[in-house]
4 protein chains.
Amino acid sequence: MQLGMIGLGRMGGNIVRRLMKHGHSTVVYDKDPKAVAALAAEGAAGGRSLQDFVGKLDRPRNVWVMLPAGRITEAMIDELTKLMQAGDAIIDGGNSFWQDDIRRGKALREHGIHYVDVGTSGGVWGIERGYCMMIGGDKAVIDRLDPIFASLAPGPGDIPRTVGREGRDARIEQGYIHAGPIGAGHFVKMIHNGIEYGLMQAYAEGFDILRNANIEALPAEHRFDFDIADIAEVWRRGSVIPSWLLDLTASALAKNPTLESYSGFVEDSGEGRWTVNAAVDEAVPAEVLTAALFARFRSRKDHTFAEKVLSAMRDGFGGHKEPQQGPGPVQQNAPDIVKPKA
Amino acid sequence: MQLGMIGLGRMGGNIVRRLMKHGHSTVVYDKDPKAVAALAAEGAAGGRSLQDFVGKLDRPRNVWVMLPAGRITEAMIDELTKLMQAGDAIIDGGNSFWQDDIRRGKALREHGIHYVDVGTSGGVWGIERGYCMMIGGDKAVIDRLDPIFASLAPGPGDIPRTVGREGRDARIEQGYIHAGPIGAGHFVKMIHNGIEYGLMQAYAEGFDILRNANIEALPAEHRFDFDIADIAEVWRRGSVIPSWLLDLTASALAKNPTLESYSGFVEDSGEGRWTVNAAVDEAVPAEVLTAALFARFRSRKDHTFAEKVLSAMRDGFGGHKEPQQGPGPVQQNAPDIVKPKA
Amino acid sequence: MQLGMIGLGRMGGNIVRRLMKHGHSTVVYDKDPKAVAALAAEGAAGGRSLQDFVGKLDRPRNVWVMLPAGRITEAMIDELTKLMQAGDAIIDGGNSFWQDDIRRGKALREHGIHYVDVGTSGGVWGIERGYCMMIGGDKAVIDRLDPIFASLAPGPGDIPRTVGREGRDARIEQGYIHAGPIGAGHFVKMIHNGIEYGLMQAYAEGFDILRNANIEALPAEHRFDFDIADIAEVWRRGSVIPSWLLDLTASALAKNPTLESYSGFVEDSGEGRWTVNAAVDEAVPAEVLTAALFARFRSRKDHTFAEKVLSAMRDGFGGHKEPQQGPGPVQQNAPDIVKPKA
Amino acid sequence: MQLGMIGLGRMGGNIVRRLMKHGHSTVVYDKDPKAVAALAAEGAAGGRSLQDFVGKLDRPRNVWVMLPAGRITEAMIDELTKLMQAGDAIIDGGNSFWQDDIRRGKALREHGIHYVDVGTSGGVWGIERGYCMMIGGDKAVIDRLDPIFASLAPGPGDIPRTVGREGRDARIEQGYIHAGPIGAGHFVKMIHNGIEYGLMQAYAEGFDILRNANIEALPAEHRFDFDIADIAEVWRRGSVIPSWLLDLTASALAKNPTLESYSGFVEDSGEGRWTVNAAVDEAVPAEVLTAALFARFRSRKDHTFAEKVLSAMRDGFGGHKEPQQGPGPVQQNAPDIVKPKA
């Protein structure tokens with residue numbers, strides 16, 4: 001079937017390519033004409049303007065928006081709303097906040113336009129591996145779009161089947177789910193990313209402890225000099241903690257065991273934050289997911305104001321002067337020392 | 001080659017079975033004669049007593065101890081020390097504390113007895129899947145035992161090879177590692193389990209937020225009624241968070257989506273605790289691994305004393321009286337309310 | 001000067017009493033006529049209805065709303081807006097969400113009505129001790145209301161003056177602050193409560209560790225049987241951690257060292273949650289404030305779904321069966337044990 | 001009475017001064033002869049050597065050791081043991097690990113020498129304010145030393161008495177406690193410091209959120225520019241969160257609202273770490289105390305290895321390249337953006 005794609009970045013462009021490979025026809029648009037031209041050269045119909053793009057789509061139109069979440073996606077959906085008609089469908093495949101979906105869905109419903117939110121996972125590997133999709137919206141339009149989802153999904157592959165799923169929704173084992181009404185898709189994707197942060201931080205902390213197992217502050221007989229790349233690799237095989245994230249880590253460590261090419265600044269996108277907010281709204285304790293988010297926040301600061309407040313208090317009650325450089329793990333500025341004589 | 005096994009529980013028994021399947025000869029001992037008889041019926045030589053067991057082993061002897069860590073393992077190694085001779089080897093395959101290994105290794109060295117610590121992962125699946133082994137000790141004795149490790153390890157299977165590992169230690173891709181000197185094996189296994197706790201808690205919190213997405217305290221238009229079993233399954237396919245732990249979760253949820261058969265008490269073994277201690281010793285922040293451990297501690301208490309202290313303070317400054325039952329997510333005992341008139 | 005008070009619960013009623021003691025005239029209203037009658041008997045003018053209440057106030061009117069935050073306060077302010085006129089002022093002294101203040105302030109400005117948000121701290125002790133007030137709004141109206149704030153504030157008392165504050169805003173040392181524009185008052189109060197949660201949890205955890213210092217799982221020579229009430233008391237005197245919260249704790253423990261009258265359920269009001277949300281919005285790591293909130297969430301549940309997910313995984317990979325009752329701190333269900341013979 | 005003091009740093013020297021002010025006679029020793037001379041000039045008897053020091057003490061001797069915990073204190077106690085006799089007493093007033101106390105107490109008991117562990121709180125203010133002392137040891141020797149403790153303690157001062165303490169141990173209200181057998185003093189002091197870390201971090205995080213309330217990433221209408229020094233001061237007066245730590249913070253902020261003179265590196269001494277270890281041993285969840293410790297660990301690193309592992313994973317699954325500089329709170333490196341036309 002036909003799909004229109006707006007936003008031809010890493011994700012949007014590859015989705016178009018995967019759809020074309022599966023025999024779908026695509027119409028594409030991006031503010032960057034070169035991005036449009038590149039995909040036109042691969043077989044997509046290119047829109048010279050948003051109007052031109054919309055005009056090239058058969059009715060009822062199906063337009064997938066793959067733009068950065070927030071104001072950019074919002075503005076684009078506003079524009080599209082003016083150009084589209086009853087029966088058309090807008091699919092937001094980006095990382096939008098699920099409450100924005102609910103608001104937009106309500107507004108579009110008044111124009112008879114369908115809204116579908118798709119949490120799309122798979123990153124740069126999706127074009128080959130397929131995309132795991134978590135979808136929210138009305139059944140009718142999601143059924144209409146099924147050929148698109150079926151082509152984008154990874155399919156069952158050689159992943160072992162879970163016992164006890166006989167007779168259940170067959171789409172799940174293809175790698176996509178109609179998770180609920182509008183907003184449900186991005187809610188589930190949000191939790192997916194929240195978990196992702198937690199898993200990543202768990203591995204990261206474990207490797208950090210291994211990496212620091214030879215510091216001088218430890219007693220000499222308790223120090224170890226581990227080969228972290230080998231440990232990551234061996235855990236992929238028969239342990240309790242294999243995962244795709246571990247595969248990627250083992251791969252990075254095989255190339256560069258010290259990871260010195262990475263600055264240590266770690267960005268976060270909205271999903272980790274919204275996950276914490278959702279936990280707070282539901283009164284669900286979510287220590288690990290929150291700690292994983294806060295570790296990223298901290299990674300992006302030289303020092304927090306909080307730390308200066310701590311030092312000011314220590315100075316206040318104990319006259320403690322902090323060093324300007326990290327002192328290593330034990331306190332140095334201790335009172336005068338009596339060295340016992342022989 | 002020949003291996004003696006002490007401790008024929010779930011792990012020890014299956015290790016013996018896997019070794020026999022691979023053509024090794026085994027001698028077994030357990031305080032329970034029935035356990036010995038069962039394995040003898042499968043082809044192992046059974047020891048009627050510890051002395052008898054030791055006597056049945058060819059020199060230099062290789063004895064794998066697979067007992068609960070702590071006093072039981074310690075006592076057994078003390079006994080064995082008296083019965084064994086220079087050149088013999090004791091392999092502690094249980095979950096011992098790595099500093100105990102270092103101490104024991106030193107003591108045994110004085111008798112000329114080798115000590116090898118093996119962190120053995122794989123659980124009930126190991127007999128089929130093979131065991132991931134993290135090994136500490138001297139090179140010579142670990143090389144001597146290689147046929148044993150090679151048979152117990154899972155082998156490369158169909159797990160994709162990591163690019164860039166050409167020319168590196170080939171044992172890693174078989175699923176076992178000589179991690180360092182005595183203690184290194186259990187240290188790495190400890191971190192493995194620490195990470196395991198963190199990963200588990202990350203998934204658990206995510207599913208908890210999904211599960212509580214329909215509570216009444218939320219605005220009606222923001223509630224979702226998710227099919228958690230389907231979500232666990234779909235994440236196995238093309239998402240960023242597939243893992244063996246997710247496979248197991250999907251499997252459990254397919255059988256019982258509410259998991260009502262589980263009490264909610266969650267035990268911990270020593271490794272999660274020692275991981276936190278190691279992080280503290282190294283001054284490595286390990287929020288996620290620690291939070292995962294504390295969540296298990298909390299799961300085993302009706303209420304903490306800490307919580308009562310909180311309520312006592314709230315009573316003290318605000319006259320707040322806590323309900324005897326969980327109040328749901330928002331505070332109820334608020335001051336008198338003026339209902340506005342129509 | 002004259003103040004109208006709506007909401008005569010613990011806080012509102014006592015504020016009226018403190019104002020009358022300081023010579024102010026008050027007009028009061030509550031949906032409960034008995035509450036109105038009680039304060040009328042103490043000298044306040046009582047409103048028979050909201051209209052009557054508003055009618056009894058001199059213009060420009062100053063009305064303090066002291067109701068539960070959320071829908072109840074919102075509805076009352078909507079009602080009042082209809083009855084009040086340009087130049088009048090509404091003071092929200094409850095625990096409203098600061099973003100609600102900003103929205104309401106904007107709406108009231110169109111009617112020429114002033115809006116002031118006051119975070120009011122002091123609890124049941126405020127009538128004697130005075131109230132710490134964190135105030136947001138326009139300078140002109142806050143200056144107009146100054147006699148009210150000055151009477152409610154605790155005044156300097158015998159609290160030692162901070163060196164270096166000469167020449168700064170004198171109101172601060174009286175115990176009230178004009179923190180910024182509309183919303184600033186409740187924002188600062190929100191952080192106050194967020195910190196309060198963190199402080200409380202720090203003490204609570206410390207006492208919990210003291211309380212559990214004699215459990216059987218510890219080696220006999222490492223157990224202590226502490227008198228927690230005495231310890232709380234001694235820390236009030238010369239240590240680094242004296243505080244009002246510690247005073248209250250020592251007081252509660254002196255009466256009841258086991259705190260057995262408290263169920264262990266701990267409520268939370270909105271401020272702790274909004275503090276976490278603010279930290280997330282600002283990308284400030286706030287582990288302690290968040291952990292304190294989550295501990296309260298957890299206190300209100302028998303078991304979390306997360307815990308059942310953990311057990312399901314443990315069952316999946318290790319065949320571990322959790323006990324139905326808390327097992328104490330160490331794992332019990334270990335493999336068969338060989339008891340060494342003498 | 002007479003007390004010998006070893007270690008004349010900030011704490012030891014001031015303890016001697018306070019004792020002399022209260023009419024006690026003191027004998028002092030330090031490896032630095034100048035420190036000895038200084039106190040000799042104030043009236044103490046100075047020891048030229050450790051032998052000389054011990055020789056100047058009346059029997060039974062009472063020697064207070066006030067040295068950095070760990071190897072230095074250990075070595076000194078070993079030396080002293082050789083020079084002292086049955087009936088003498090060694091008081092360790094430093095920050096020793098409580099399990100070291102138990103071990104030492106056992107060893108000294110064989111020589112008939114008493115051992116007393118005193119957790120001494122009060123910092124640089126102790127000389128005026130008095131010291132809160134948490135004491136472990138045998139009743140007889142602690143009774144013998146009571147005149148010393150009574151003089152060092154702050155006494156009741158003007159701190160309000162806790163209702164319900166009539167008839168209880170009167171020493172508590174003087175500010176010192178016989179907490180239990182050897183080790184109990186340092187255990188209680190350890191928890192005191194653990195709580196201290198938690199309280200400090202709670203304030204610090206709260207001020208950090210206030211400080212970042214005006215960052216550009218926030219919507220303009222939601223930003224506040226707070227006067228943090230004023231807020232700290234106002235909270236001292238009538239709020240729920242006054243404390244000595246808040247007094248010190250208000251004082252530091254009055255001098256320097258940005259705290260720019262502090263580097264942001266925050267040291268930790270052993271007690272915070274041992275508190276976490278104790279919580280782990282007792283299976284008590286102590287999230288806040290642990291998070292406070294980990295925040296200090298993190299403050300002393302430019303970047304953790306954990307953070308590089310996170311970035312390596314993000315690169316692996318999403319091709320995400322982290323910036324070299326902190327990106328502010330929201331993700332910047334998003335896919336190509338379609339700018340909607342006017």
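This is a predicted model: local features need pLDDT of at least 70, side-chain atom pairs count only at pLDDT 80 or more; totals for chains, interfaces and linings use all residues.
Local features need pLDDT of at least 70, side-chain atom pairs count only at pLDDT 80 or more, and totals for chains, interfaces and linings use all residues. Residues are numbered from 1 along each chain as its sequence is written, chains are lettered from A and ligands numbered from 1 in the order in which they are written, and side-chain values use heavy atoms, with hydrogens and water left out.

**Chain A and chain B**

- Contact (heavy atoms within 4.5 Å) involves 90 residues of chain A and 90 residues of chain B.
- A:Ile209, A:Arg237 and A:Val240 supply 11% of the area that chain A buries against chain B, more than any other three residues.
- Six salt bridges cross this interface, each a side-chain nitrogen of Lys or Arg within 4 Å of a carboxyl oxygen of Asp or Glu.
- A:Arg165 and B:Asp230 form a salt bridge at 2.9 Å, N to O.
- Between chain A and chain B, 34 residue pairs are in polar contact, both residues at pLDDT 80 or more. A polar contact is a pair of N or O atoms within 3.5 Å; within protein, one must be able to donate a hydrogen and the other to accept it, and residues adjacent in sequence count only if both atoms are side-chain atoms.
- With 17 residues, helix α10 (residues 184-211) of chain A gives the most to the side that touches chain B; helices are DSSP runs (H or I, at least four residues), numbered from the N terminus.

**Chain C and chain B**

- The contact takes 94 residues from each of chain C and chain B.
- The interface has zero salt bridges and 19 residue pairs in polar contact, both at pLDDT 80 or more.
- α15(C) gives the most to the side of chain C that touches chain B, with 14 residues.

**Nonpolar cores**

- The largest nonpolar core has 261 residues; such a core is a set of buried (under 20% relative accessible area, 1.4 Å probe, protein chains only) Ala, Val, Leu, Ile, Met, Phe, Trp, Tyr and Cys residues joined through side-chain atoms within 4.5 Å.
- A:Trp235, B:Trp235, C:Trp235 and D:Trp235 have the most contacts inside that core.
- Beyond its neighbours within four places in sequence, B:Trp235 contacts residues including A:Met134, A:His192, B:Phe207 and B:Leu246.

How values were computed:
Buried area is the accessible area (1.4 Å probe) that two parts lose on being put together, summed over both. Helices (H or I, at least four residues) and strands (E, at least two) are DSSP runs, numbered from the N terminus. Buried means under 20% relative accessible area, exposed over 50%, partly exposed in between (1.4 Å probe, protein chains only).
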